[in-house]
Amino acid sequence: MIKISDLHASIEGREIIRGIDLEVRPGEVHAIMGPNGSGKSTLANVLAGREAYEVTQGSVEFLGKDLLELEPEVRAREGLFLAFQYPVEIPGVSNTYFLRVALNEIRRHQGLDELDALDFLELVRTKVRELHMREDLLERQLNTGFSGGEKKKNEILHMAVLEPKLAILDETDSGLDIDALRIVADGVNALRAENRSFIVVTHYQRLLEYIVPDRVHVLSEGRIVRSGGSDLALELEEKGYGWVQEEQA
Amino acid sequence: MSDKTHLSEDEQHLEDLTNADYKYGFVTDIESDSLPPGLDEEVIAAISAKKNEPPFMLEFRLRAFRKWQQMEEPDWAKLKIDPVDYQAISYFSAPKKKDGPKSLDEVDPELLETFEKLGIPLGERERLAGVAVDAVFDSVSVATTFKEKLTELGIIFCPISEAVQNHPELVRKYLGSVVPTGDNFFSALNSAVFSDGSFVYIPKGVRCPMELSTYFRINAQNTGQFERTLIIADEGAQVSYLEGCTAPMRDENQLHAAVVELVALDEAKIKYSTVQNWYPGDKNGKGGIYNFVTKRGLCAGRASRISWTQVETGSAITWKYPGCILKGDDSVGEFYSVALTNNFQQADTGTKMVHIGKNTSSTVISKGISAGQGQNTYRGLVEIHRGAEGARNFSQCDSMLMGDRCGAHTFPYIDVRNPKAKVEHEATTSKISEDQIFFCQQRGIDLEEAVSMIVNGFCKEVMSELPMEFAVEAQKLLGVSLEGSVG
Ligand SMILES: Nc1ncnc2c1ncn2[C@@H]1O[C@H](COP(=O)(O)OP(=O)(O)OP(=O)(O)O)[C@@H](O)[C@H]1O
Ligand SMILES: [Mg+2]
């Protein structure tokens with residue numbers, strides 16, 4: 001699915017990602033944990049193509065293509081999705097309209113027919129029901145005035161509609177109540193498939209009880225300092241990040 | 001690449017987008033019957049004679065001209081304007097064809113082609129949209145459709161020159177009743193020399209069953225355009241009027257000084273929508289239309305309502321303050337505006353809401369978008385007279401900036417003489433954010449479409465006021481297709 005090799009990236013001349021190697025195979029779920037400021041969101045943004053970050057070294061292969069060569073919207077159309085840690089508000093643009101434009105861009109890129117407004121509405125309503133979300137999410141303006149939790153749920157709705165091949169979830173579980181956490185986890189689990197992979201960035205092992213990862217990686221100061229199975233998350237919860245950092249030193 | 005260079009690249013791209021070449025730059029080659037440049041009482045008499053006007057019209061024009069001679073161009077707007085040589089302008093120009101055409105077949109094919117290029121296929125519209133089009137080409141109306149259906153209802157919709165001939169009593173009563181001849185420099189000039197425009201009268205209790213629409217177009221070189229529009233809605237009548245315009249590319253500046261007067265009697269409703277897309281000048285600020293417009297509505301009757309909606313994307317200079325005089329008790333005035341300035345465009349626009357009657361209310365929603373080195377000024381006056389018990393106004397002025405070489409300015413003037421009146425004013429300024437654009441891109445939407453979407457979202461409250469037929473064109477003008485949007 002995705003193969004990251006010796007990736008270095010910096011912002012404003014400061015190196016944040018300092019040599020990451022990571023391979024995620026089709027169907028796998030990888031969790032990335034690590035202290036605040038360790039570079040988790042930066043890694044996610046670099047993969048999604050935010051230009052403010054400069055890749056200074058290394059390569060990323062995504063479904064056989066050189067990911068770093070692609071424009072951000074082309075990465076999305078190729079099947080890469082990022083659920084943002086802080087989803088933005090776009091006032092005046094209806095959530096449904098936005099999603100339909102997005103889906104049709106992706107479909108066109110993939111050589112599929114575009115959906116008209118009615119067909120799309122049916123699709124998106126079905127998704128909302130399946131995800132146990134409220135329908136009014138659709139009529140509202142994109143994230144505008146949404147609570148923190150609603151914004152995160154909306155990211156999951158976008159993911160469910162756009163059906164990416166690789167979804168990167170950046171702390172989608174932060175700030176969610178128990179029920180919302182369930183909704184998010186169920187949303188991810190429903191999408192789990194042989195040809196779809198996930199990179200789940202989280203601080204909490206609770207999410208990983210619902211979404212059981214194949215691998216857990218600990219990021220610290222821009223490097224993966226430890227990788228393991230799903231048990232690693234439990235161990236981290238018990239002992240804190242100090243433990244891996246010390247061990248490494 | 002650093003964050004900084006990225007941003008400036010982004011801004012560069014924004015500029016490229018907003019700099020897309022003006023689509024409607026072409027000149028139709030039709031011989032014109034024009035007066036030589038210059039303006040004096042003789043020229044005015046000649047205009048009046050060419051139009052075969054009754055004496056009251058000549059008097060009206062001469063009165064205005066004499067006032068105009070005493071007046072000076074206003075200089076209070078936040079506009080940099082090259083001086084206009086009023087003697088270098090030709091004040092009359094008409095396509096050569098004699099006798100107005102009775103149907104589209106009689107219309108000069110080249111003219112029809114021009115309308116095609118502008119995206120106004122008259123024949124199409126006639127059939128499809130149920131829109132009656134009174135198309136003004138230069139100064140004389142060339143095609144009027146749907147007239148018969150309207151006539152059945154007693155609705156008068158015709159060129160104002162025709163109304164002068166056929167309904168002199170209405171013209172005499174209402175012309176200049178909302179915008180007096182000496183109101184301002186440009187309205188005085190217009191009153192003296194206006195060539196043509198539209199006239200609408202909706203009789204008592206009649207709801208006009210279709211949107212009335214006029215497309216304006218400046219054509220002959222060096223010809224100023226002085227439209228005059230007069231709309232009267234009698235008691236309980238309702239009408240929605242659409243005005244749209246595009247102009248061909250020109251190097252020298254062209255003057256456009258229109259006057260629009262609306263009169264709403266008891267419980268009448270008038271909705272007036274404009275999409276203004278005159279040639280804005282080139283990327284270096286050369287050329288473009290000078291658009292000095294006086295638009296005013298009089299809510300003369302009880303519980304009458306006048307609503308202005310405008311989308312202003314064209315012209316080198318826009319000077320325009322559509323207002324409402326809320327004279328009747330319980331009358332309502334509304335102003336919804338989007339003004340976009342780019343490159344070296346300048347807009348000084350807003351509204352005047354004058355509350356005279358009791359329990360009058362007004363709403364003002366203004367969205368200004370500035371890009372390039374565009375300068376965008378909102379200037380609004382809310383005036384509440386002593387007797388306007390229970391008057392209310394709400395104003396909201398939002399500005400959006402693209403890049404950092406443009407400007408947005410807000411000048412709200414509030415004059416309240418009644419202590420119990422309620423006046424609220426809100427203003428915001430925002431920038432299109434890189435986060436918003438990246439969010440869109442991450443969902444598969446490219447930069448161009450992302451910008452259009454965000455801008456259209458910003459203008460949503462105003463766009464949703466436009467009649468359907470117009471909304472589409474307006475959204476296109478803002479660079480987006482929100483057509484068929486759900487929710
Ligand atoms: N746009 C930016 N400008 C300047 N510094 C940045 C920018 N983005 C990230 N950084 C810096 O890069 C480092 C890594 O940030 P990042 O957001 O990737 O951390 P994170 O692991 O996601 O943390 P958290 O758990 O708090 O979300 C931080 O020191 C942060 O301040
Ligand atoms: Mg983060």
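This is a predicted model: local features need pLDDT of at least 70, side-chain atom pairs count only at pLDDT 80 or more; totals for chains, interfaces and linings use all residues.
1. Start with ligand 1: one of its oxygen atoms is 3.0 Å from a polar backbone atom of A:Gly39. That is a polar contact, meaning a pair of N or O atoms within 3.5 Å; within protein, one must be able to donate a hydrogen and the other to accept it, and residues adjacent in sequence count only if both atoms are side-chain atoms.

2. Residues are numbered from 1 along each chain as its sequence is written, chains are lettered from A and ligands numbered from 1 in the order in which they are written, and side-chain values use heavy atoms, leaving out hydrogens and water.

3. Now look at the magnesium ion (ligand 2). Its protein donors are A:Ser41 (OG) and A:Gln85 (OE1), 1.9 to 2.2 Å away. Donors here are N, O and S atoms within 2.8 Å of the metal (3.2 Å for Na, K and Ca); water is not among the atoms, so sites may look incomplete. The pair links distant parts of the chain, 44 residues apart: A:Ser41 sits in helix 1 (residues 40–48) of chain A, and A:Gln85 in the loop between strand 6 (80–83) and helix 3 of chain A. Helices (H or I, at least four residues) and strands (E, at least two) are DSSP runs, numbered from the N terminus.

4. Helix 4 of chain A is worth a look as well. Buried there are A:Phe120, A:Leu121, A:Val124, A:Lys127 and A:Val128. They share one side of helix 4 of chain A, because their arc around the axis is only 130 degrees, taken from the directions from the helix axis to the C-beta atoms. On the other side, A:Leu118, A:Glu122, A:Arg129 and A:Glu130 are exposed. Buried means under 20% relative accessible area, exposed over 50%, partly exposed in between (1.4 Å probe, protein chains only).

5. What about the ends of that helix? At its start, a side-chain oxygen of A:Asp116 reaches to within 3.2 Å of the backbone nitrogen of A:Leu118. Just after helix 4 of chain A, A:His132 takes a positive phi of about 55 degrees.

6. Finally, chain B has 13 helices and 23 strands, and 60% of its 487 residues count as buried.
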